[in-house]
Amino acid sequence: MHDAAKRNSIAEVRSEVDAIDREIVRLLGRRAGLVRDAVRFKKDEDDIRSPDHMAAFMDKRRGWAAESGEDADFVSRIYRVVTEHSVTVQTALWRQQHPK
């Protein structure tokens, strides 16, 4: 759902976009901490990728986008980047914690 309030200038619009982006960055940092913590519960490196979980994960986010009237393909592209980074981080941590 979009806020239909009228802004008086492009500066006001940009200021609001900046505030939203700052919040997104803060939330990504919070999410990254949870991703790092989750590696403790992974049995092995294959468990990190977990294709079955990833399919359900993406479907859920696409559904949230659709419910909100947002572009589900756009949301999927964003989450593909986010999850690829999460897998990279978790794999590195897993290898650190379980040296061969």
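Me: At what angle do helix α1 (residues 10–38) and helix α4 (residues 72–97) pack, and how far apart are their axes?

Reply: Two packed helices are described by the angle between their axes and the distance between the axes. Here α1 and α4 pack at about 40°, with axes 9 Å apart. That makes α1 oblique to α4. Angles under 35 degrees count as roughly parallel, over 145 as roughly antiparallel, 65 to 115 as roughly perpendicular and the rest as oblique. Axes are lines fitted to C-alpha atoms, for helices over the stretch in contact, and angles run from 0 to 180 degrees between N-to-C directions. Helices are DSSP runs (H or I, at least four residues), numbered from the N terminus.

This is a predicted model: local features need pLDDT of at least 70, side-chain atom pairs count only at pLDDT 80 or more, and totals for chains, interfaces and linings use all residues. Residues are numbered from 1 along each chain as its sequence is written, and side-chain values use heavy atoms, with hydrogens and water left out.

Me: Which residues of α1 and α4 meet?

Reply: Contact means heavy atoms within 4.5 Å. From α1 come Leu28, Arg31, Val35, Arg36 and Ala38; from α4 come Val82, Thr83, Ser86, Val89, Gln90 and Leu93.

Me: At what angle do α3 and α4 pack?

Reply: The angle is about 140°, and the axes are 9 Å apart. That makes α3 oblique to α4. On the α3 side, the contact uses Met54, Phe57, Met58, Arg61, Arg62 and Ala65. On the α4 side, the contact residues include Tyr79, Arg80 and Thr83.

Me: Which residues form the largest nonpolar core?

Reply: A nonpolar core is a set of buried Ala, Val, Leu, Ile, Met, Phe, Trp, Tyr and Cys residues joined through side-chain atoms within 4.5 Å. Buried means under 20% relative accessible area, exposed over 50%, partly exposed in between (1.4 Å probe, protein chains only). The largest core here has five residues: Val39, Ile48, Val87, Leu93 and Trp94. Its largest share, three residues, comes from α4. Leaving aside neighbours within four places in sequence, Val39 contacts Gln90, Leu93, Trp94 and Gln97.

Me: Is Thr91 buried or exposed?

Reply: Thr91 is buried, with a relative accessible area of 15%. Thr91 lies in α4. Not counting residues up to four places away in sequence, Thr91 touches Glu45 and Ile48. Thr91 and Asp46 are 45 residues apart in sequence, yet 9.3 Å apart in space, C-alpha to C-alpha.

Me: Where is Ser50 found?

Reply: Ser50 sits in the loop between α2 (45–49) and α3 (51–67). Ser50 has a positive phi of about 35°, although it is not a glycine.

Terms used:
Helices (H or I, at least four residues) and strands (E, at least two) are DSSP runs, numbered from the N terminus.
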